[in-house]
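Dear colleague,

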Amino acid sequence: MGSASSAYRVIYLDVDGRSQKVVFSRFCSPCDIKELLCSALGLPRNTTIFLLDVTGAMVSVDPTMPHNSERSPYKVVPVAGGQLADKEELFQNVLTQVAEQFSRAFKINELKTEVTNRLAMLEKRVELEGLKVVEIEKCRSDIKKLREEMASRNNSFLEDNKKLTPRRDMPSYPKYHLSQETVEALRKPTFDVWQWEPNEMLSCLEHIYHDLGLVKDFSINPITLKRWLLCIHDNYRNNPFHNFRHCFCVTQMMYSMVHLCSLQERFTQMDILILITAAVCHDLDHPGYNNTYQINARTELAVRYNDISPLENHHCAVAFQIFSQPDCNIFSNFDPETFKQIRQGTITLILATDMARHGEILDSFKQKVDSFDFTNEEHVTCLKMVLIKCCDISNEVRPMEVAEPWVDCLLEEYFMQSDREKLEGLPVAPFMDREKVTKPTAQIGFIKFVLIPMFETVMKLFPQIEAAMVQPLRESRDRYEELKQIDDAMNEVQKKKNENLTMGGKKK
């Protein structure tokens with residue numbers, strides 16, 4: 001099961017009849033974990049392996065794999081590799097050529113030279129300036145980050161092409177039988193999203209498409225749906241916040257709003273399909289650094305999309321790159337005109353998640369809400385944009401024990417960005433600076449001036465969300481305000497204590 005608090009995972013392997021303990025960070029990628037397991041068994045790092053439990057059941061190799069004990073170690077089974085088929089080898093050669101063309105087009109070699117020069121300057125600084133031990137360690141860490149960035153950028157195009165099809169075949173994605181208790185809980189905003197591993201979340205998403213009648217009404221191939229969801233999972237990065245669990249969180253909240261607000265009575269099934277699919281795809285391949293960073297750093301995405309919602313445009317592009325793969329196209333049975341409607345509707349909703357457009361979208365909805373017309377296409381589109389915005393930032397609607405770990409994850413991602421901005425000499429937002437922000441200060445303003453006004457506006461159309469969504473937001477605001485008062489009081493006590501120590505020192 002998933003965990004919000006543990007930073008490290010421990011598992012035990014059966015190595016020639018003896019138990020081998022393996023420890024790894026919960027931020028490790030499945031690829032890193034696989035290489036670690038291969039090293040533990042003395043296998044080549046690129047060996048394809050399966051992980052089996054004591055019952056012979058297959059275990060997914062990822063940071064959320066279940067704990068075991070020395071008495072029930074996992075068994076690693078290597079799979080012998082074969083030569084690529086002629087077509088696969090030809091396809092790989094074509095991919096390599098495309099990657100080389102992209103490298104030339106986007107000047108990867110120039111970037112490599114520039115970053116290498118910068119690394120040389122930093123390393124020279126470490127050697128010549130006699131920095132303090134702490135500063136030297138920080139500088140070395142910065143050098144390591146730059147090297148990793150250079151390597152990832154140099155290989156990004158080829159890797160992205162590889163990720164457009166699922167990395168696992170269908171048999172390794174088991175179908176979980178959800179209990180009636182889970183089925184009922186999945187429909188509510190109080191659902192605990194931390195209690196599920198990736199395969200279970202995939203099965204829950206699959207259930208949502210079936211339960212809403214989307215598979216039946218639109219003749220979606222169930223196997224294609226499985227492959228598509230697998231590919232979606234593979235194209236979310238292991239960021240602290242913007243990861244596959246966040247995708248699941250947003251989609252589950254949208255599902256709960258469909259039930260809570262009886263949206264299937266007001267919307268067409270096409271609208272429901274667009275709402276759920278946009279929620280699933282809304283943060284695909286998020287790099288962990290927001291639009292402000294992309295624009296200020298003049299990244300490839302910012303240049304490509306002319307500084308206009310670069311991340312959201314990228315999420316849309318990746319989504320429809322995946323749909324372009326026949327094995328992952330859940331819309332393959334749709335006629336061109338219907339697919340065009342779905343494509344436009346999905347793009348509209350994903351672009352609406354750019355918080356830079358928050359005021360514009362909410363003001364437009366406020367102008368319509370008092371005389372809202374569900375037969376007016378413009379009104380319905382505006383409402384759908386507001387609904388996906390609500391779901392995207394809905395963590396504080398959930399119970400405190402579910403919502404609070406998300407704040408820690410978000411701050412961790414913010415601090416990673418602000419540290420990088422400081423290193424690169426870019427502007428740093430105060431709410432992302434680890435030296436200036438606290439959990440209460442981060443949340444109070446956001447809840448008071450963003451979340452509550454938006455949900456209260458939606459409440460005018462759907463009064464039933466007050467108890468289930470708006471009231472939890474008010475309680476969360478009050479709790480963080482109390483925490484801030486406690487923090488302020490403690491800071492004042494410390495301040496007076498420091499002043500007394502200073503005065504005592506002067507008297508001496």
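Two residues are said to be in contact when their heavy atoms come within 4.5 Å. Please keep in mind throughout that this is a predicted model.

In that sense, and leaving aside neighbours within four places in sequence, Phe-455 is in contact with Cys-390, Ser-394, Val-397, Ile-465, Met-469, Val-470 and Leu-473. Phe-455 also belongs to the largest nonpolar core, which has 104 residues; together with Tyr-209, Trp-228 and Ile-232, it touches the most other members. Apart from this core lies another, of 14 residues, including Leu-13, Val-22, Ile-33 and Cys-38.

As to the chain as a whole, it has 508 residues, of which 45% count as buried. The fold comprises 20 helices and four strands. Among contacts with a separation of 6 or more, 71% are between residues 24 or more positions apart. The accessible surface comes to about 26,500 Å², and carbon and sulfur atoms account for 52% of that area.

A search of the whole structure finds 19 salt bridges. One of them joins Lys-439 and Asp-408, with the closest N and O atoms 3.1 Å apart. Because Lys-439 lies in helix 19 (residues 439-461) and Asp-408 in helix 18 (residues 400-424), this pair ties together parts that are 31 residues apart in sequence. Both partners are partly exposed, Lys-439 with a relative accessible area of 22% and Asp-408 with 38%.

Helix 18 also contributes Lys-422, which forms a salt bridge with Asp-433 at 2.9 Å between the closest N and O atoms. Asp-433 lies in the loop between helix 18 and helix 19, so the pair ties together parts that are eleven residues apart in sequence. Here Lys-422 is partly exposed at 37% relative accessibility, whereas Asp-433 is buried at 6%.

A further salt bridge links the side chains of Glu-466 and Arg-474 (3.3 Å, N to O). Glu-466 is partly exposed at 35%, while Arg-474 is buried, with a relative accessible area of 18%.

Finally, I would draw your attention to Arg-245, in helix 9 (residues 244-260). What does a buried Arg-245 without a salt bridge have as its nearest side chain of opposite charge? That side chain is Asp-192, 7.4 Å away. The side chain of Arg-245 does, however, reach the backbone oxygen of Val-193 at 2.8 Å.

With kind regards

How values were computed: Residues are numbered from 1 along each chain as its sequence is written. This is a predicted model: local features need pLDDT of at least 70, side-chain atom pairs count only at pLDDT 80 or more; totals for chains, interfaces and linings use all residues. Side-chain values use heavy atoms; hydrogens and water are left out. A nonpolar core is a set of buried Ala, Val, Leu, Ile, Met, Phe, Trp, Tyr and Cys residues joined through side-chain atoms within 4.5 Å. Buried means under 20% relative accessible area, exposed over 50%, partly exposed in between (1.4 Å probe, protein chains only). Helices (H or I, at least four residues) and strands (E, at least two) are DSSP runs, numbered from the N terminus. Lys and Arg count as positive and Asp and Glu as negative; His and the chain ends are not counted. A salt bridge is a side-chain nitrogen of Lys or Arg within 4 Å of a carboxyl oxygen of Asp or Glu. A polar contact is a pair of N or O atoms within 3.5 Å; within protein, one must be able to donate a hydrogen and the other to accept it, and residues adjacent in sequence count only if both atoms are side-chain atoms. Accessible areas come from the Shrake-Rupley method with a 1.4 Å probe; for residues, only the protein chains shown count as cover.
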